[in-house]
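Hi there,

Here is the structure I said I would send over. Could you open it first and then read my notes beside it?

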Amino acid sequence: MRTVAEGYGLHIDRGGMTLCPFHDERTPSAKIYPDNLHCFGCGAHVDVIGFTQKMFGLVGAIDAVKKLNDDYGLHIDIGKAPTAEEVSEYQKRVQEKMSMKYGRSRLGEHLTITCG
Ligand SMILES: [Zn+2]
């Protein structure tokens, strides 16, 4: 979760707190947990896929999975709408990949390119 959040531009402090990307605020009230983000300000509660969905205004979980797949090179084969189990399987893979492979700087560069 943390890697994805940072990859998409959130700054997370030592306590795991970050400015909530889903409402306007000056002091961090969103907390990053290992597998989700919870905002004490607006009540947003999302996992990695929900987070990506919300950040980029994507309609379905599958679009978020696709985006994560592209951005993080997960090599997930996406040809059809996934079942709930598949989604959680993807999610697991995302998190495993996240924690292993990618450094902050690379994601930072990518973010600049993506968001222009
Ligand atoms: Zn919020």
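A word on naming before anything else: helices here are DSSP runs of H or I with at least four residues, strands are E runs of at least two, and both are numbered from the N terminus. With that naming, α2 is followed by Gly57, whose phi is positive, near 60°. Please keep in mind that this is a predicted model.

**The overall layout**

The chain has 116 residues, and buried residues make up 26% of them. Its secondary structure comes to 5 helices and 4 strands, and reading along the sequence gives the pattern α-β-β-β-β-α-α-α-α. As for contacts between residues at least 6 apart in sequence, 35% of them join residues at least 24 apart.

**The sheet**

The 4 strands form an open sheet in the order β1-β2-β3-β4, with antiparallel pairing.

Strand β3 covers residues 37–39 and is joined to β4 by 2 bridges, the two running antiparallel. Across that pairing, Leu37 stands opposite Val46 in β4. Beyond its neighbours within four places in sequence, Leu37 is in contact with Met1, Ala5, Ala30, Ile32, Val46 and Phe51.

Cys39 is also in β3. Is Cys39 buried or exposed? It has 20 other C-beta atoms within 10 Å, and burial begins at 20 or more, so Cys39 counts as buried. Setting aside neighbours within four places, Cys39 is in contact with Cys20, Phe22, Ser29, Ala30 and Ala44. Phe22 is 17 residues from Cys39 along the chain, and their C-alpha atoms are separated by 8.7 Å.

**The loop between β1 and β2**

Pro28 lies in this loop. Pro28 is buried, again with 20 other C-beta atoms within 10 Å. Its contacts beyond four places in sequence are Asp13, Met17, Thr18 and Leu19. Pro28 and Met17 are 11 residues apart in sequence, with a C-alpha to C-alpha separation of 5.9 Å.

**The nonpolar core**

Which residues touch the most other members of the largest nonpolar core? They are Val4, Ala5 and Leu37, out of 21 residues in that core. At least two residues each come from α1 (2–7), β2 (30–32), β3, α2, α3 and α4 (84–100). α3 gives the most to this core, with 5 residues. In soluble globular proteins, nonpolar side chains tend to be buried together.

**How α2 meets α3**

α2 (residues 48–55) and α3 (residues 61–72) pack at an angle of about 95°, with their axes 8 Å apart. That angle makes α2 roughly perpendicular to α3. Ile49, Thr52 and Gln53 make the contact from α2, while α3 brings Ala61, Asp63, Ala64, Val65, Lys67 and Leu68. By type, the contact residues divide into 5 nonpolar, 2 polar and 2 charged. The buried residues of α2 are Val48, Ile49, Phe51, Thr52 and Gln53.

Ile62 is found in α3. Ile62 has 18 C-beta neighbours inside 10 Å and so counts as partly exposed. Tyr90 is 28 residues away from Ile62 in sequence, and their C-alpha atoms are 9.9 Å apart in space.

**Between α3 and α4**

Leu74 is found in the loop linking these two helices. How many C-beta neighbours does Leu74 have inside 10 Å? The count is 19, so Leu74 is classed as partly exposed. Beyond its neighbours within four places, Leu74 is in contact with Leu68, Asn69, Arg93, Val94 and Lys97. Lys97 is 23 residues from Leu74 in sequence, with 7.3 Å between their C-alpha atoms.

All the best

Terms used. Residues are numbered from 1 along each chain as its sequence is written. This is a predicted model: local features need pLDDT of at least 70, side-chain atom pairs count only at pLDDT 80 or more; totals for chains, interfaces and linings use all residues. Axes are lines fitted to C-alpha atoms, for helices over the stretch in contact, and angles run from 0 to 180 degrees between N-to-C directions. Angles under 35 degrees count as roughly parallel, over 145 as roughly antiparallel, 65 to 115 as roughly perpendicular and the rest as oblique. Two residues are in contact if their C-beta atoms, placed from the backbone, lie within 7 Å. Ala, Val, Leu, Ile, Met, Phe, Trp, Tyr, Cys and Pro count as nonpolar, Asp, Glu, Lys and Arg as charged, and the others, Gly among them, as polar. Two strands pair if DSSP finds at least two bridges between them. A residue is buried if 20 or more other C-beta atoms lie within 10 Å of its own, exposed if 12 or fewer, and partly exposed in between; C-beta atoms are placed from the backbone. A nonpolar core is a set of buried Ala, Val, Leu, Ile, Met, Phe, Trp, Tyr and Cys residues joined through C-beta atoms within 7 Å.
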